[in-house]
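Colleague: Thanks for making time to go through this model with me. Could we take it question by question?

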Amino acid sequence: MPLSKQSRPCDYLDEDGETVYDFGCFVEADVAYSVIAPKLVTVAERDKALLTFKEEMQNYLNGLSEAEIVESDLKKMLTDKSAELADNLSTEAMKLSPCEIYILEIHDAGTEIVK
């Protein structure tokens with residue numbers, strides 16, 4: 001599940017003609033789920049729950065300020081949010097787990113901020 005937030009576009013493009021940003025936050029995470037009652041969960045319902053999970057996580061990241069991203073424990077904040085979403089989206093037929101973040105990169109004005 002890739003998530004990203006970029007801001008402060010520069011006035012130049014990269015070698016591929018893409019906009020370059022002074023601030024960027026990139027997250028790669030996995031979300032696990034288990035289908036407890038396969039006869040009660042369709043593929044469409046599963047996909048909808050996973051898509052809603054991803055969209056809500058992206059909305060949460062988008063809602064954070066640059067300062068919150070840089071100065072806070074972003075990994076913990078995202079993990080806590082994912083636990084809340086997993087709880088809200090789980091049903092008796094399908095359980096979601098909080099996401100596992102395995103890549104978290106923050107770049108500010110070309111400098112990588114290591115967390």
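Predicted model: local features only at pLDDT ≥ 70, side-chain atom pairs only at ≥ 80, totals over all residues.

Colleague: How many salt bridges does the count come to?
Modeller: The rule asks for a side-chain nitrogen of Lys or Arg within 4 Å of a carboxyl oxygen of Asp or Glu. One of the pairs is K76 with D80, at 2.8 Å from N to O. By this rule, the count comes to 5 salt bridges.

Colleague: Which residue forms a salt bridge with R8 at 2.7 Å?
Modeller: R8 sits in strand β1, residues 2-13, and the partner is in helix α2, residues 66-71. The pair links distant parts of the chain, 58 residues apart. With the closest N and O atoms 2.7 Å apart, the partner is E66.

Colleague: R8 also meets D108 in a salt bridge; how many residues apart in sequence are the parts that this pair ties together?
Modeller: The side chains of R8 and D108 meet at 2.6 Å, N to O. R8 lies in strand β1 and D108 in strand β5 (residues 100-108), so the parts that the pair ties together are separated in sequence by 100 residues.

Colleague: Which residues are linked with R8 in a network of salt bridges?
Modeller: R8 has a salt bridge to E66, and R8 has another to D108. E66 and D108 are both partly exposed, E66 with a relative accessible area of 25% and D108 with 25%. The residues networked with R8 are E66 and D108.

Colleague: Is R8 buried, partly exposed or exposed?
Modeller: Buried would need under 20% relative accessible area, and exposed over 50%. R8 has 33% relative accessibility, so R8 counts as partly exposed.

Colleague: What is the phi of R8?
Modeller: Most residues other than glycine have a negative phi. R8 is not a glycine, yet its phi is positive. The value is about 60°.

Colleague: Going back to K76 and D80, what separates them in helix α3?
Modeller: K76 is partly exposed at 46% relative accessible area, and D80 is partly exposed at 42%. The two are 4 residues apart in helix α3 (residues 74-89), so their separation is about one helical turn.

Colleague: How far apart are the end C-alpha atoms of helix α1?
Modeller: Helix α1 covers residues 43-63, which makes 21 residues. At 1.5 Å a residue the helix should span 30 Å, and the model agrees: its end C-alpha atoms are 30 Å apart.

Colleague: What arc do the buried residues of α1 cover around the axis?
Modeller: The buried residues in α1 are A49, F53, M57, Q58 and L61. They lie on the same side of α1, because they cover an arc of only 165°.

Colleague: Which exposed residues does the face of α1 turned away from its buried side carry?
Modeller: The buried residues of α1 pack against β1, β2 (19-30), α2, α3 and β4 (94-96). The face turned away from that buried side carries the exposed residues A44, K48 and G63.

Colleague: And what covers the buried residues of α3?
Modeller: The buried residues of α3 are L74, M77, L78, K81, S82, L85 and A86. What covers them includes β2, α1, α2, β4 and β5.

Colleague: Which backbone nitrogen does the side chain of S82 reach?
Modeller: S82 is placed in helix α3 and is buried, at 0% relative accessibility. Its side chain reaches the backbone oxygen of T79 at 2.8 Å. At 3.0 Å, the side chain of S82 also reaches the backbone nitrogen of C99.

Colleague: Leaving aside neighbours within four places in sequence, which residues is S82 in contact with?
Modeller: Contact here means heavy atoms within 4.5 Å. F53 and M57 are among the buried residues of α1, and both are on the list for S82.

Technical notes: Residues numbered from 1 in each chain as written. Heavy atoms only, no water. Buried < 20%, exposed > 50% of the residue type's maximum accessible area, 1.4 Å probe, protein only. Expected span 1.5 Å × (residues − 1). Arc of directions from axis to C-beta. Polar contact = N/O pair within 3.5 Å; in protein donor to acceptor, adjacent residues only side chain to side chain.
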